[in-house]
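Please look over the sequence and the model shown below. The report that follows takes up a strand and its partners, a residue within that strand, and a pair of helices.

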Amino acid sequence: MEGNRSLSSSRTAHLLSKIREVTKSILNDLSNGRSPSIAIDTFWNYCRNPNGSCSCEPDFPKGKEIVTLLRESHVHRLDVLLRVLLIVQQLLQENRHGSKRDIYYMHPSVFRDQSVVDRAINDLCILLGCSRHNLNVSVGKGLVMGWLRFTEAGAKFDCMNNLNSAQPVPVHVEDVEDILSVAEYILVVEKESVFQRLANDQFCRANRCIVITGRGYPDIPTRRFLRLLIETLHLPAYCLVDCDPYGFDILSTYRFGSMQMAYDAKFMRNPEMNWLGAFPSDFEKYSLPTECLLPLTAEDKRKTEAILLRCYLQREAPDWRFELELMLHRGVKFEIEAFSVHSLSYLSRDYIPSKIHGLHN
């Protein structure tokens, strides 16, 4: 642990030095009558070549964007970037942590929208060559339960003492050590309601597993913690999401990373992730009544069509693409909870075990 603290202190000093370099460069431009400009590398983790016959390399920059006061559309962006930079500098100097929402409320009349703060934080990560948690900007909402023990900054967390009780996913994943587990697999579920259903059904007592939820789109600590568990324990990981385009997008975020944080995809993605369900084809296989189906909205269809264009589907997960095309063709969706039509515990006692068994046969 002492080594982790020393490494963290060294990284913080390095980041503060880079922040001073950025601000000094801007001040030099201003003092010499030049318009300040900042070059920011651009990344993306997929292109829109549905045939997958591209040469995308998500871990490398694709070019540079110059943010300058000479462009009217960049004035507000540069203002936001510098304000967020000063806030981050203060967090690092005082060894304090804050959330993206905390930062937004420090200048709400200037920022006007959370998305501009999110963009500024991503720009800073690229500019400073670091991950978001290195800026002390991180907040966690994920939950974990099951056959797992670990320490975080010296504090012990023993999920095995109460197998079906939720523990918060650690925010400072870099401080996690002494991971111990006798689990046979990791199950990631999209929604907290499904996580609680499994807890109520004593799922982890009946199955040697670790269950994690990001409670919707996963935050950075949840994705980093999941990757750490997979790499440390060498366990298979399965993901259970709603049968709709948003569930599929969450699944893709776990496996391939997000476009918004493509610059950090190599530290976030989990290429070993398996899609457990719910598949469009599960509707017939598990005899769901038509009353469980909901029509895809116009927005659902647009999102599905956009996802189908992502190059990695054809190249790395053509079976996923087939299921997504099937959903679009049928024009319907359904939630994970739809399996409760058979019985309240059908999901935990029948559906999930049968799906996992099917992947191993």
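## A strand and its partners

L143 stands opposite T213 in strand β9, and β9 pairs in the antiparallel sense with strand β3 (residues 143-146) over four bridges. Strand β8 (residues 185-189) runs parallel to β9 and is joined to β9 by five bridges, with L187 opposite V211. Strands here are DSSP runs (E, at least two residues) and helices are runs of H or I with at least four, numbered from the N terminus, while two strands pair if DSSP finds at least two bridges between them.

This is a predicted model, in which local features need pLDDT of at least 70, side-chain atom pairs count only at pLDDT 80 or more, and totals for chains, interfaces and linings use all residues. Residues are numbered from 1 along each chain as its sequence is written, and side-chain values use heavy atoms, with hydrogens and water left out.

V211 counts as buried because its relative accessibility is 0%. Beyond its neighbours within four places in sequence, V211 has contacts (heavy atoms within 4.5 Å) with residues including L143, L187 and F195.

## Two helices

The contact between helices α9 (residues 245-256) and α12 (residues 298-308) has their axes 9 Å apart, at an angle of about 30°, where axes are lines fitted to C-alpha atoms over the stretch in contact and angles run from 0 to 180 degrees between N-to-C directions.

Conventions:
Buried < 20%, exposed > 50% of the residue type's maximum accessible area, 1.4 Å probe, protein only.
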